[in-house]
Amino acid sequence: MRSSDLDTQRRHFLLGAAAVAAQTVSAQSGDRTTTAIIGTGNRGSYLLTAVRDQPNMKVSALCDIKPDRLDKAATAAAKDNPNTYTDWRKIIDRKDIEAVVVATPPHLHSQMAIAALQSGKHVYCEKPIGISPEQVKALVAAAKASKKVFVSGQQLRSMKQYVELVRQIREGVIGSLLMVKAQRQANADLPHDGTSGDWYFDVTKSGGYLVEQSVHNLDLCNWVIGQHPLRACGFGSITLYKNAPPGRTIFDNGSLTYDYPGGLHMTFTQNVFHPRGLPMPNQAIHVFGEKGAIELMGQTPPTMYPMAREAKPLVLVEKQQEYQHAHMKGFVECIRNSGPNPADITIGATAALTAIMGHRAMATGKVVNWTELGVLL
Ligand SMILES: NC(=O)c1ccc[n+]([C@@H]2O[C@H](COP(=O)([O-])OP(=O)(O)OC[C@H]3O[C@@H](n4cnc5c(N)ncnc54)[C@H](O)[C@@H]3O)[C@@H](O)[C@H]2O)c1
């Protein structure tokens, strides 16, 4: 008996016969994009709710190597009666699956997304899309060769608030940009014995804090600036969590400077020991321009502080009602030709490479040039 059959039996046992019978009926109905999720951990199960929330998507298959997570996801998707697998290649082999969501640990993204694209599937790939230039390069080639939709999980791109802010910055609300100051500081380390503890603290699996987490913040900076950096320098270290958890290879803090075209610099700091009471936000982006500065992240609503001494702060975007699954909605709309790609391969690759370049600079203490990464976008 194949492992997938075994998995399906276990799930049916958990759900009970009545629930399975009900699922079978609903699974036969409708013109919905058949979707599989590979990796049903924290993020994968959240994305499962996002898929479930789309009337034109159907959860057709689930895959995880951890049976408890697979069972939980199968129960959450019961109305769609998905098949369950522990071997992700079985999903790739399924001709009837149209779209794949990749939500495994970062070092697996590139190979899984490439295999899915090459087998003719649309792909929603969690960030970072790769943790090395080689992984990113291979995925860029596969996505460009494919006629299918590739969306990277840089979901800030689907937030109305940021779309509007970037529009105003492009239209010159603070004039030419002069410099950017950004940070991502956490109140604590991820739990050392938590569910992601088996990969997160290993730099060969997560890429490190900058690559795994700050990739969102770096993407937002690139988006605001409208370019990718040309080079990076900085330092990173482990000052608090030395060998904790045992074997730890990711930094717990770092400081970087990115150099963009035209002499614009972006400084970025990160740490995992930002006290809750410290009177500054954990995550912040300050964009300085000729006419003033914007506090763009860390304060709601985003506000501009004009350069002129008497001028009052100006709220640029009122608080927006954001649909929490807007990025998945964008993915399926793009598949169905009813909307643009919310974060295509160039966006995903640029974000990942910016983070990889920064991590490499911190790890070596040397200036790292974008061209050294060897990826043409
Ligand atoms: N976009 C966001 O805001 C956001 C938020 C959280 C996490 N993420 C990303 O999502 C990804 C997963 O993070 P997470 O927090 O869910 O981690 P997690 O550890 O909770 O989940 C990962 C899952 O992948 C499974 N897995 C590992 N190897 C596998 C394999 N070979 N085949 C199938 N399944 C496999 C694990 O068993 C686990 O259940 C990471 O890349 C992370 O950066 C994105």
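**Strand pairing and packing**

Tutor: Strand β11 is joined to strand β12 (residues 292-297) by 4 bridges, and the two run antiparallel; helices (H or I, at least four residues) and strands (E, at least two) are DSSP runs numbered from the N terminus, and two strands pair if DSSP finds at least two bridges between them. The model is a predicted one, in which local features need pLDDT of at least 70 and side-chain atom pairs count only at pLDDT 80 or more, whereas totals for chains, interfaces and linings use all residues. Residues are numbered from 1 along each chain as its sequence is written.

β11 and β12 form a hairpin with 2 residues between them, and within this pairing F288 has A293 of β12 as its bridge partner. F288 of β11 also stands opposite M179, in the antiparallel pairing where 7 bridges join β11 (residues 283-289) to strand β7 (residues 177-185).

Touching here means that the C-beta atoms of two residues, placed from the backbone, lie within 7 Å.

The loop between β8 (231-237) and β9 (253-259) contains T239, which is exposed, with 11 other C-beta atoms within 10 Å; a residue is exposed if 12 or fewer other C-beta atoms, placed from the backbone, lie within 10 Å of its own, buried if 20 or more do, and partly exposed in between. Not counting residues up to four places away in sequence, T239 touches D252 and N253. From T239 to L139 the separation is 100 residues in sequence and 35 Å in space, C-alpha to C-alpha.

Another open sheet has 6 strands in the order β3-β2-β1-β4-β5-β6, and its pairing is parallel. Its edge strands, β3 (83-85) and β6 (150-152), each pair on one side only, and the twist averages 20 degrees from one strand to the next. Within this sheet, β1 (residues 33-38) pairs with β4 (residues 99-102) in the parallel sense over 4 bridges, and A36 has V100 in β4 as its bridge partner.

Helix α6 (residues 109-118) packs on this sheet, where it touches β1, β4, β5 (122-125) and β6, and its direction makes about 165 degrees with that of β5. α6 is mostly covered, with 8 of its 10 residues buried, among them M112, I114 and L117. The cover over these buried residues includes β1, α5 (89-93), β4, β5, α7 (133-145) and β6. Just after α6, G120 takes a positive phi of about 85 degrees.

Helix α3 (residues 42-52) and helix α4 (residues 67-76) pack at an angle of about 10 degrees, with their axes 10 Å apart. That makes α3 roughly parallel to α4, since angles under 35 degrees count as roughly parallel, over 145 as roughly antiparallel, 65 to 115 as roughly perpendicular and the rest as oblique. G44, S45 and L48 in α3 meet K72, A73 and A76 in α4. By class, this contact of α3 with α4 has 3 nonpolar, 2 polar and 1 charged residues, where Ala, Val, Leu, Ile, Met, Phe, Trp, Tyr, Cys and Pro count as nonpolar, Asp, Glu, Lys and Arg as charged, and the others, Gly among them, as polar.

In α4 the buried residues are L70, D71, A73 and A74. Seen down the axis of α4, its buried residues fall within an arc of 165 degrees, so they line one face of the helix; the arc is that of the directions from the helix axis to the C-beta atoms. On the other side of α4, D68 and T75 are exposed.

Key
Axes are lines fitted to C-alpha atoms, for helices over the stretch in contact, and angles run from 0 to 180 degrees between N-to-C directions.
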